[in-house]
Protein chains: 2
Amino acid sequence: MTDITMIRAAAERLKGHARRTPLLSSPFLDEIAGRRVFVKPECLQHTGSFKYRGGRSAVSALDDTTRAKGVLAFSSGNHAQGVALAAREFGVPAVIIMPKDAPEIKINNTRALGADVVLYDRAGGESREALGDTLQAERGLTLIRPYDEPQVIAGQGTCGLEIAEQAAELGIKDAEVLVCCGGGGLTSGIALACEADAPGFKVRPVEPDGFDDVKRSLLSGNIETNNQMSGNICDAILTPAPGHITFPILQRLVGPGIVVSEDDCLRTMAHAFERLKVIAEPGGAAALAAALFHGDELNADTVICTISGGNVDAPMFERALQLTR
Amino acid sequence: MTDITMIRAAAERLKGHARRTPLLSSPFLDEIAGRRVFVKPECLQHTGSFKYRGGRSAVSALDDTTRAKGVLAFSSGNHAQGVALAAREFGVPAVIIMPKDAPEIKINNTRALGADVVLYDRAGGESREALGDTLQAERGLTLIRPYDEPQVIAGQGTCGLEIAEQAAELGIKDAEVLVCCGGGGLTSGIALACEADAPGFKVRPVEPDGFDDVKRSLLSGNIETNNQMSGNICDAILTPAPGHITFPILQRLVGPGIVVSEDDCLRTMAHAFERLKVIAEPGGAAALAAALFHGDELNADTVICTISGGNVDAPMFERALQLTR
C-alpha cells in the first residue's frame with residue numbers, strides 16, 4: 001500500500017527526470033474566485049500531464065530483469081504517453097493497448113515515443129483485458145495500471161510533495177487542494193503527501209458532471225460506479241469507479257467532492273489562456289473551474305488547484321477561446 | 001553600467017517576487033530542430049512576460065523617498081504591466097503613458113494593476129516625451145525606461161542567471177541562447193549573466209522581419225534604425241533601434257542576429273501550444289522560431305530559447321492554431 005515513504009522514494013527516483021512544475025497565480029483569478037488561488041500546472045510535465053510521474057515511478061520500481069521484458073498499459077491517452085516515455089528512457093519495450101477511436105494525435109504521440117501501439121475495437125466488443133492477458137503471457141510484460149497501482153500512486157504523490165514545499169515557501173499553512181479526479185491516483189497521492197508535509201491542507205476531488213463516482217462513493221461509503229463511460233469533453237478523467245486501492249485513501253483523507261460542468265471547464269481553459277498562459281485540456285481544467293465557479297462549496301481562504309493535463313486538440317481549444325468574447 | 005554584480009543584486013531583490021520559470025523541452029521539438037531545444041517560458045512570469053523582472057528590479061532599486069513619489073513609464077504593453085505590478089507591490093503610484101490605439105486588454109490590465117494610465121494620440125502627433133516631462137516635473141515621478149536603463153537590464157539578467165543554473169543542472173556546457181530581441185534589454189542582460197555563469201554559451205538575438213535593427217547594427221558596428229515602427233504582428237519586440245546602453249553590451253558579447261518571419265512565429269505559437277502547453281505571443285515566439293526554422297544559421301548542438309511573453313489576444317492565437325491543420 002502506498003505511504004509517504006514510498007512517495008519519497010519515488011521522488012528520489014524521479015529526480016532529474018520529472019519536471020518540477022512551478023506554482024502559478026494571477027490577481028485576476030483571485031478576483032474571480034474571491035480568494036487566493038494558486039495553480040500547479042502539470043500540463044507542463046513531460047508528455048503534457050502528471051501521468052509521466054506515475055509511469056516513471058512504476059517503471060523505475062521494477063527489478064532490472066522484469067523491466068527488461070517490457071511493460072504493458074491500457075490507455076486512450078495520457079497514461080499511454082507517460083508509460084511510453086518512461087519505458088523509452090529505460091530502453092525497454094512498451095506495449096500500449098489503445099481503443100481504435102482514441103484521438104489520432106494521442107495514438108501518434110504514443111507511437112512517436114517508441115511504444116508498440118495495439119489497437120482494439122471497443123465498439124465491436126473486443127476485450128482489451130483478454131488481449132492484455134495474451135500479451136503478458138506470451139512476452140512476460142508487466143502491466144502498469146493507470147491508478148490502482150501503489151507505485152503509480154506514489155509517483156503522482158510527488159506532485160503533492162512539490163505543492164507542500166512550494167506552498168510552504170509562500171508561507172501558506174492552511175488551504176484546500178483541488179484535484180482533477182478520475183480513478184483517484186493523483187488525488188490519493190497528493191492527499192498522502194499533504195497528510196505528511198502539509199497537515200493544514202485538505203484535498204478535495206473535482207469531477208465532471210455525470211461522472212461523479214468519487215463524490216457519490218465518499219457520501220455512501222461504498223464504491224459507486226458511473227452509468228456511462230463517454231459523452232463528456234473531460235475525457236482524461238472519465239473512469240468507471242474509484243479504485244480499490246485509491247478509494248480507502250480518499251475515504252480517510254479527502255473532503256467532499258465537487259462537480260463541475262463542461263461549460264465551467266471550457267471557461268476555465270480560456271481564463272488559463274488569458275491569465276496563466278498555459279494550456280489546460282477540459283478535464284485538466286476541472287479543479288480550477290471549481291475554484292472559479294463553485295466558491296460556495298469551498299471553505300479555505302487559499303486554494304491550490306492542479307491543472308492535470310494539457311493534451312487538447314486545437315478545435316476544442318478554439319471552442320474554449322470563443323467564450324472570451 | 002550593468003554588470004554581473006548588479007544582476008546578482010537584482011536577483012536578491014527579486015527573490016520571492018519574480019517567478020523562477022522552468023526550463024521546458026519536448027522530443028518533438030528536438031526532432032523538428034534537428035538538435036536539442038530547451039525553452040525558458042517567461043510567458044509564465046508575473047504579468048505574462050519577462051518585463052516584470054526589469055520593472056521590479058528598477059522600482060526596488062530606488063531609495064525610499066524617491067520611490068514614494070511614484071514612477072513613470074512609456075509603454076504600449078508588457079513593460080507597462082511589469083512596472084505597474086512592481087509599483088503596486090511597493091504601494092507607490094505608477095503613471096503609464098500609453099498610446100490610445102494600444103490593445104484594449106493591455107490598457108485594461110495595466111489599469112487593473114492599479115496604474116494611472118494616461119493615453120496619448122500617437123497618430124495625432126502628440127509628443128509622449130513632452131507629456132512625460134510635464135508629469136515628472138509636476139509630480140516628481142521617476143522614469144523607468146523599458147530597456148536603456150541599467151537596473152532594468154540587471155532585472156532581465158536574472159533570467160540569464162536562471163538559464164545558466166538550470167542548464168548546469170542538466171549538464172549542458174555549450175549552447176546557443178536565442179533571445180527575442182527588441183531594444184536589447186533582455187538580450188544584453190542574459191548575455192552578461194551567461195558571460196559570468198555559463199561562459200560556454202553564446203547569445204544570439206532574434207528579430208522579426210523588417211525590424212532587424214540589432215542584426216544590422218552588429219554588422220555595421222553602428223546603431224542602425226528601422227524604417228517603420230509598426231506593421232508586424234510581433235508588437236512586443238518592435239523598437240526603433242538598439243539602446244545606447246544595451247548596444248555596447250551586445251556588441252561585446254553576442255553572436256550574429258537571426259531574422260524570422262511572421263509566419264515562422266505563428267507556426268511556432270502552434271508548436272508551443274501542442275508540445276509545450278504554453279502560450280507564446282508572436283514576438284515571444286521569435287527565438288523558438290529561429291531554432292525550429294532557421295537551423296542552418298545555428299552552430300550548437302543545444303539551443304536554449306526564451307519565450308519572452310504570452311500576452312496575445314484570442315483571435316491572433318486562433319490564427320496560429322489554424323496552421324496546425
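## Contact between the chains

Between chain A and chain B of this predicted model the count of salt bridges is zero, a salt bridge being a side-chain nitrogen of Lys or Arg within 4 Å of a carboxyl oxygen of Asp or Glu. Polar contacts link 10 residue pairs, both residues at pLDDT 80 or more; such a contact is a pair of N or O atoms within 3.5 Å, where one must be able to donate a hydrogen and the other to accept it, and residues adjacent in sequence count only if both atoms are side-chain atoms.

On the side of chain A that touches chain B, the elements giving two or more residues are α2, α6, α12 and α14 of chain A, with helices being DSSP runs (H or I) of at least four residues and strands (E) of at least two. The most comes from α14(A), with six residues, and this side divides into 19 nonpolar, eight polar and eight charged residues, Gly counting among the polar ones.

## The sheet of chain B

In chain B, four parallel strands form an open sheet in the order β4-β3-β2-β5, where pairing requires at least two DSSP bridges. Because β4 (116–120) and β5 (142–143) of chain B each have a single partner strand, one side of each is left without a neighbour in the sheet. Strands β2 and β3 of chain B pair over four bridges, and B:Val71 stands opposite B:Ala94 in β3(B).

## Conventions

Residues are numbered from 1 along each chain as its sequence is written, and chains are lettered from A and ligands numbered from 1 in the order in which they are written. Local features need pLDDT of at least 70, side-chain atom pairs count only at pLDDT 80 or more, and totals for chains, interfaces and linings use all residues, while side-chain values use heavy atoms, leaving out hydrogens and water.
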